[in-house]
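Trainee: Please pick one part of this model and take me through it closely. I would like to see how its pieces connect.

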Amino acid sequence: MQATQAYIQEHKDRFLEELKVLLRIPSISADAAYAKDVQACAGQVAEYMVNAGLNSVEIIPTPGHPIVYGEKMVDASKPTVLIYGHYDVQPPDPLELWDTEPFDPVVKKTDIHPEGAIFARGTADDKGQFFMHVKAVEAMIATGELPCNVKMMIEGEEEVGSDNLEGFLRKNTDKLKSDVILVSDTSIIAKDTPSITTGLRGLSYVEVKVTGPNRDLHSGVYGGAVANPLNVLCNMISSMMDENKHVTIPGFYDNVAVLSDADRKALNEAPFNEEDYKEYLGIGDVEGEAGYTTLERTSIRPTLDVNGIWGGYTGEGAKTVLPSKAEAKISMRLVPNQDPDRITQLFEDHFKAIAPNSVQVEVNPHHGGQPSVTPTDTLEYKAAHLAMQDTFGKAPIPKREGGSIPIVALFEEVLNVKSILMGFGLDSDGLHSPNEHYGLFNFYKGIETIPHYFKHYTALK
Ligand code: BES
Ligand code: MN
Ligand code: MN
């Protein structure tokens with residue numbers, strides 16, 4: 001793959017300029033006001049696929065945002081790699097916390113990235129990452145070095161639960177026929193410590209509403225005699241975790257897979273410095289489930305977190321009010337073998353059971369997703385191991401991560417194909433946060449590593 005690597009070096013600057021074009025499009029899937037931008041972004045992705053030399057490039061409409069698909073079939077007797085990624089992004093809010101505009105990409109140096117990092121919403125999650133595949137494939141096609149077939153499916157609804165992708169998978173099992181699915185939408189441990197993601201958490205997400213009196217009341221006239229829905233909601237939420245940070249919903253832990261001592265030991269051997277972690281986050285101490293380390297708490301254990309809570313008066317100054325309603329968004333990160341639908345049901349039953357008679361409660365489930373694990377004893381995994389070894393000069397470490405990519409479990413269920421999660425981001429990239437960025441080192445390292453994956457996978461298969 002010498003010609004491929006030379007091609008990548010020669011066209012580096014253009015690759016970055018092209019990525020900036022994608023980053024300027026505010027493809028925010030969660031906000032209907034941006035539907036046109038999401039559509040425009042799909043068009044730009046399709047154009048890049050065509051330019052890369054892919055055939056049959058299509059922008060496939062769905063009841064939500066479109067899926068962009070392309071393929072290059074070189075030889076029916078060769079294996080097929082299906083690349084998956086997402087071109088939609090999270091909302092950039094809160095805007096005031098960004099140092100530069102979220103949709104005006106700029107390269108700046110940072111302590112971790114003295115070579116520079118590109119700052120914009122979607123740089124690491126996932127435009128900068130799926131675009132590495134577009135460029136790696138372009139390089140292999142341009143130099144005649146593509147060793148096997150490639151299909152590419154980039155969706156526009158990952159950040160809102162991939163609702164329409166599931167139906168697309170079910171209807172297109174032939175079109176998506178492949179031997180392995182390659183995904184770059186996760187992180188490595190550090191720039192000099194490559195890792196391959198071997199597990200993702202699942203998700204159950206609910207919105208709750210607590211209603212007390214039929215109108216907002218004077219908190220002096222009625223306060224003390226009428227239940228305050230905000231107080232009630234806070235009490236209910238805080239009762240859902242005990243002093244050991246153990247979730248108290250009955251049945252919550254029923255199906256949680258217990259790791260062997262050897263697996264836990266291996267997990268905790270990954271490089272991690274708790275002091276640096278605390279300093280980076282500006283926290284006095286870590287906090288989590290008793291009996292587990294930080295690495296375990298963020299990978300093999302489930303969680304319950306309030307993502308947002310509101311009600312009453314939040315404007316300037318003091319308004320004395322006893323609000324009529326209180327609401328919250330709550331996420332539960334799940335691990336094998338918890339089932340998101342069952343957990344959502346357990347949550348709902350429990351939330352209703354603990355509500356006092358003084359209020360009424362509602363639970364509205366949002367999208368969820370299954371957790372997933374990738375075995376490390378397969379040739380699909382081995383190819384990723386060898387590819388990273390080639391470009392980093394070091395063996396990558398298998399690592400389970402705390403985030404979720406719900407479609408990965410469905411790939412296995414519907415297409416019966418395993419995914420390899422070979423991402424190149426860093427936990428410090430600011431995913432879903434202000435000042436999201438992606439290191440140029442990581443971007444180029446990814447483009448260089450992907451052709452090695454193709455080479456090793458084709459050779460091993
Ligand atoms: N790329 C992330 C998931 C991720 C990030 C996995 C870092 C591992 C490490 C993905 O785009 C994401 O944000 N997923 C959502 C789930 C979805 C249902 C909204 C998440 O994890 O919150
Ligand atoms: Mn992502
Ligand atoms: Mn995301």
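Mentor: Start with ligand 1: one of its nitrogen atoms sits 2.8 Å from a polar backbone atom of Ser404. That is a polar contact (a pair of N or O atoms within 3.5 Å). Before going on, note that this model is predicted: local features need pLDDT of at least 70, side-chain atom pairs count only at pLDDT 80 or more, and totals for chains, interfaces and linings use all residues. Residues are numbered from 1 along each chain as its sequence is written, chains are lettered from A and ligands numbered from 1 in the order written, and side-chain values use heavy atoms, without hydrogens and water.

A polar side-chain atom of Glu158 is 2.7 Å from an oxygen atom of ligand 1. For Glu159, a polar side-chain atom lies 3.1 Å from an oxygen atom of ligand 1. Alone, ligand 1 exposes 530 Å², and the protein buries 91% of that (Shrake-Rupley areas, 1.4 Å probe). Around ligand 1 there are 17 residues, and Glu158, Asp185, Arg333, Ser404 and His432 come nearest. To be near, a residue needs a heavy atom within 4 Å.

Now follow Glu159 and His432 to the manganese ion (ligand 3). Its protein donors are Asp125 (OD), Glu159 (OE), Glu159 (OE) and His432 (NE2), at 2.1 to 2.5 Å. Donors are N, O and S atoms within 2.8 Å of the metal (3.2 Å for Na, K and Ca); water is not among the atoms, so sites may look incomplete.

What arrangement do the 6 donor atoms make? It is irregular, because they subtend angles of 56 to 156° around the manganese ion (ligand 3).

Along the sequence, the donor residues are spaced D-x33-E-x272-H. This links distant parts of the chain: Asp125 is in helix H3 (residues 123-142), and His432 is in the loop between strand S17 (419-421) and strand S18 (437-439), 307 residues apart. Helices (at least four residues) and strands (at least two) are DSSP runs.

Asp125 is buried, because its relative accessible area is 7%. His432 is at 41%, so it counts as partly exposed. Buried means under 20%, exposed over 50%, partly exposed in between (1.4 Å probe, protein chains only).

Finally, Asp125 bridges two metals: the manganese ion (ligand 3) and the manganese ion (ligand 2), 3.6 Å apart.

Terms used:
Four donors count as tetrahedral if all angles lie between 85 and 135 degrees; four count as square planar and six as octahedral if opposite donors are over 155 degrees apart and all others between 65 and 115; anything else is irregular. A polar contact is a pair of N or O atoms within 3.5 Å; within protein, one must be able to donate a hydrogen and the other to accept it, and residues adjacent in sequence count only if both atoms are side-chain atoms.
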